[in-house]
Amino acid sequence: MSDSPATDQGSTDQSSKLPSTARVVIIGGGAVGASCLYHLALRGWRDCVLLEKDELTSGSTWHAAGNVPTFSASWSVMNMQRYSTELYRGLAEAVDYPMNYHVTGSIRLAHSAERMMEFERVVGMGRYQGLDVEMCQVEDLKARYPFLETHDLAGALYDPYDGDIDPAQLTQALAKGARDQGARIVRFCPVTGARRDGGEWVLETKLGEIRCETVVNAAGYRAREIGAMFGRSVPMVAMSHQYLLTEQVPELEAWTAEHGRKLPLLRDVDSSYYLRQEKAGFNLGPYERNCRAHWVTPDDPMPDDFSFQLYPDDLDRLEWYIEDAMARVPLLGDAGVSRVINGPIPYAPDGNPLIGPMPGVPNAFEACVFTFGIAQAGGAGKVLAEWVVDGSTEWDMWSCDPRRYGAWADQDYALAKAKEVYGHEYAMHFPFHAWPAGRDKRVSSLHERMLERGAQMGAYGGWERANWFAHPGDDTSEESTQTWLRAGPWEPRIREECLRVRDAAGVLDLPGFARFEVSGAGAGAWLRAQVTGPIARPGRIGLVYFADARGRVVTEMSVVRFEPDRFWLITAASAELHDHELLRARLPDDGSIALENHTDAIGTLILAGPRSREVLAPLVNGADLQAGWLTHQEAQIAGHGVRLVRVSFTGELGWEVHAPQGAMPEIDDALRSAGAAHGLGPFGMFALDALRLEKGYRTWKGDLSTDYTMLEAGLERFVRFDKDDFPGREALLRERENGPAKRFATMIVDAGECDAPYMSTVWHGEEKVGEITSGGWGYRVERSIALGIVRTDVAEPGTALDVEIYGDRRPAVVQPDAALWDAENARLRA
Ligand SMILES: Cc1cc2nc3c(=O)[nH]c(=O)nc-3n(C[C@H](O)[C@H](O)[C@H](O)COP(=O)(O)OP(=O)(O)OC[C@H]3O[C@@H](n4cnc5c(N)ncnc54)[C@H](O)[C@@H]3O)c2cc1C
């Protein structure tokens with residue numbers, strides 16, 4: 001919380017005069033809105049105006065504790081937070097606005113070996129980003145923090161960059177920096193409505209109207225209200241978060257006087273609180289399990305104005321945490337509570353903010369719903385400015401992209417997830433664990449049957465899919481998934497599912513393949529001009545890639561072409577909104593090409609394995625099961641029209657059976673009875689992931705992202721330089737001339753008990769040479785496989801590298817540029 005009054009330093013006429021036009025209007029003057037304005041100005045976009053309902057910082061910003069961690073288990077969030085700390089270190093000087101920013105370092109305590117492994121992974125990611133974060137042994141902790149009880153700890157992580165900043169001063173500094181470059185801020189100017197007029201936005205405010213090209217919603221916990229003005233339902237909930245401040249503690253005062261600095265910030269993540277020195281007292285902030293959301297029921301409406309206000313104290317909820325913290329730092333027990341701060345903290349369903357294009361709304365962006373908006377404001381401003389100015393971002397920011405949620409992410413979902421995430425703010429995210437709240441939002445017509453067969457479900461873009469199939473007696477408890485290890489009750493089942501697909505046949509219900517039908521005169525030529533490579537002929541299926549102007553991979557789609565000008569585009573469940581928006585934005589304005597979304601209506605069964613032809617043969621009427629790989633045809637199964645697509649992400653002979661959801665139960669019955677004689681059984685997403693790794697097939701936003709160009713991602717066979725212009729062509733031509741600096745590589749890793757997680761560092765001797773984009777065990781090749789992007793000079797097959805897996809450097813060897821399983825695709829073509 002601020003030491004200084006949160007008054008605006010701008011001149012009075014700036015606060016009263018609303019310009020009639022601006023290039024960009026930012027709604028909301030908290031730390032994030034101010035950073036957006038500052039970064040737009042830094043990019044030379046000075047004709048920008050920030051509108052604030054009340055005084056700057058009057059939302060969540062004024063009362064924030066001001067902690068500024070770099071730690072994150074997410075690569076992109078860590079990038080954003082790292083950038084913030086770098087910016088804040090030089091900001092006072094850069095904009096000539098003195099502020100309190102104490103870089104005290106922080107200690108994150110571990111109660112378990114699993115927690116230490118999480119820390120090891122983050123240390124690796126941090127090191128790769130240039131951050132010297134270190135592991136600490138228990139015996140070293142007292143030297144860093146003398147008042148700590150350590151007997152029950154496993155160790156800790158020390159982050160020298162962590163600290164605390166005065167949030168109001170930070171906001172004012174960013175505002176000053178923006179104003180000095182010509183940007184404007186209008187305070188006491190609530191936005192009350194928005195309308196589209198002549199391709200521009202007209203915003204209605206208490207001070208009149210302002211017209212602009214582009215709008216940014218940076219309204220913090222009020223972002224839903226602003227979103228509604230644009231017809232957008234923002235998935236978020238305001239949670240109540242409290243911290244308590246204590247009286248001064250003489251021992252702390254003496255220690256600070258002696259050492260000339262504050263204690264490092266302490267986070268007991270397994271108990272779930274932060275404890276920071278505030279002057280010579282403490283600031284204790286728990287994330288409690290029995291948490292509370294506000295403004296979610298009719299009897300608790302959000303007041304029209306909550307500026308500079310707080311919720312009533314509710315210390316009962318924190319009792320366990322206060323006691324736990326007093327046992328950890330007994331000195332805390334000597335200090336009386338001087339003040340409690342209980343304020344609104346916005347949560348999106350996964351706890352990450354929303355930064356990027358506002359779904360469904362032209363020329364509008366979001367930079368809102370920040371749970372750690374002080375730590376992230378700096379990076380968020382940079383990212384937002386890139387979205388507005390460039391239409392793309394330096395780092396892939398999918399984890400914060402508003403388009404990761406579709407309409408399925410309704411308020412019930414947002415509330416259930418917000419409470420789950422808040423209560424587990426510091427939880428570890430284990431690879432075989434599925435979070436239980438907010439489930440069953442989108443289910444296929446086979447959902448109940450899958451459960452009866454033992455399916456252990458996971459959510460993919462809101463869709464429930466089987467991860468693996470348990471046998472009676474298998475341990476399916478949530479506790480069993482609290483491990484980083486490959487081994488667990490799922491492992492023998494994944495193995496048997498993979499081997500079933502290898503030796504006989506398996507079936508996977510895969511609802512939620514995002515599916516768009518594109519049709520109309522010129523549709524084929526239009527698609528060809530959008531993508532980097534060729535498109536399949538009618539009757540065939542192929543993969544296409546959309547690149548951005550830098551040649552980076554924006555998305556991948558399968559094209560099922562029916563006619564020259566009619567086809568389906570099929571993409572990942574999680575990509576539905578992203579890809580729909582991308583296609584819509586690129587369609588010609590004249591309405592000649594239609595785009596329909598069939599995602600909910602049509603389901604997919606994946607039938608794969610060498611015996612799948614025998615399974616299908618007695619069922620399909622009039623279909624040619626000898627038709628080759630990458631073809632598709634209409635057929636009938638159990639009296640229902642289906643589309644059979646001969647393709648398989650598993651790398652085995654197989655078909656995708658596409659049919660209306662209503663027909664799926666009877667199709668499933670038919671497949672099951674015909675398959676009984678051929679060893680047909682179910683398989684799940686974990687098996688599919690293992691099978692695709694062995695084929696080197698990439699996944700979207702894992703291996704394929706805007707962090708990499710088409711050439712770096714090893715996708716040159718999907719680029720046709722000889723065709724007419726397409727987005728990214730120039731950049732890719734230039735890159736081809738110079739040769740890409742990084743290359744996609746498949747590695748076999750001597751991995752031990754854990755496979756390489758996303759963004760593990762790749763080493764060549766003592767040099768960091770790349771990162772892993774996905775890893776896992778291949779049950780057909782009996783090896784741990786890692787896909788990654790490494791420096792070109794170490795991408796040669798046979799090169800010996802190390803992959804850092806939870807702190808352990810494991811030997812790895814680069815493989816030839818071919819699939820590890822069935823390199824000739826003979827099984828797919830069988
Ligand atoms: C108790 C507590 C402690 C916290 N501690 C930390 C911490 O240590 N570190 C950290 O990183 N984060 C912390 N947070 C979270 C942090 O406060 C928020 O993430 C951050 O302040 C969000 O900033 P913002 O700019 O997005 O939103 P806000 O600060 O809420 O700003 C939004 C602004 O939009 C304005 N606005 C709303 N509607 C309109 C309208 N119609 N017209 C014009 N303007 C409008 C509001 O008046 C407000 O000023 C804490 C939160 C709480 C509750």
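**Overall fold and selected residues of the predicted model**

Of the 830 residues of the protein, 64% count as buried. The structure is a predicted model. Its secondary structure comprises 20 helices and 38 strands. The radius of gyration is 28 Å, close to the 28 Å that the globule rule gives for 830 residues, so the protein is as compact as a globular protein of that length. The C-alpha trace spans about 85 × 65 × 60 Å along the principal axes.

Among contacts in the protein with a separation of 6 or more, 73% come from residues 24 or more positions apart. The surface was also computed. The side chains include 85 positive and 120 negative ones. The centres of these two sets lie 5 Å apart.

Cysteines were considered next. Cys48 illustrates the result. The closest cysteine sulfur to that of Cys48 belongs to Cys212 and lies 9.8 Å away, too far for a bond, because a disulfide requires two cysteine sulfur atoms within 2.5 Å. Cys48 is buried, and its relative accessible area is 0%. Cys136 is buried as well, at 2% relative accessibility.

Two buried residues show how contacts link separate stretches of the chain. Thr61 sits in the loop between β2 (48-51) and α3 (75-95). Its relative accessibility is 9%, so Thr61 counts as buried. Beyond residues up to four places away in sequence, Thr61 touches Gly30, Ala31, Pro167, Thr171 and Ile374. Lys382 belongs to helix α10, which covers residues 373-390. Lys382 has a relative accessible area of 11% and is therefore buried. With neighbours within four places set aside, the contacts of Lys382 are His39, Tyr83, Glu394 and Trp395.

Phe188 has a phi near 50°, a positive value in a residue other than glycine. Phe188 lies in the loop that joins β8 (184-186) to β9 (191-197). With a relative accessible area of 41%, Phe188 is partly exposed. Trp295 is not a glycine either, yet its phi is positive, at about 60°. Trp295 is found in the loop between β16 (293-294) and α9 (319-328). Trp295 counts as buried, at 15% relative accessibility, because the cut-off for buried is under 20%.

Three further residues were compared with partners elsewhere in the chain. Gly524 lies in helix α14, residues 523-530. Gly524 is buried, with a relative accessible area of 4%. Its contacts, not counting residues up to four places away in sequence, are Ile535, Arg561, Pro564, Asp565 and Phe567. Gly524 and Cys368 are 156 residues apart along the chain, and 38 Å separates their C-alpha atoms.

Phe230 occupies the loop between α7 (223-229) and β12 (237-246). At 8% relative accessibility, this residue is buried. Phe230 touches Ile27, Ala194, Trp201, Leu203, Val215, Met358 and Val361, leaving out residues up to four places away in sequence. Phe230 and Asn352 are 122 residues apart in sequence. Their C-alpha atoms are 22 Å apart in space.

Gly90 is placed in helix α3. Gly90 is partly exposed, with a relative accessible area of 33%. The sequence separation between Gly90 and His259 is 169 residues. In space, 24 Å separates Gly90 from His259, C-alpha to C-alpha.

Terms used
Residues numbered from 1 in each chain as written. Predicted model: local features only at pLDDT ≥ 70, side-chain atom pairs only at ≥ 80, totals over all residues. Heavy atoms only, no water. Buried < 20%, exposed > 50% of the residue type's maximum accessible area, 1.4 Å probe, protein only. Helix = DSSP H or I, 4+ residues; strand = E, 2+ residues; numbered from the N terminus. Rg over C-alpha atoms; globule rule 2.2 N^0.38 Å. Contact = heavy atoms within 4.5 Å. Lys, Arg positive; Asp, Glu negative; His and termini not counted. Charge placed at Lys NZ, Arg CZ, Asp CG, Glu CD.
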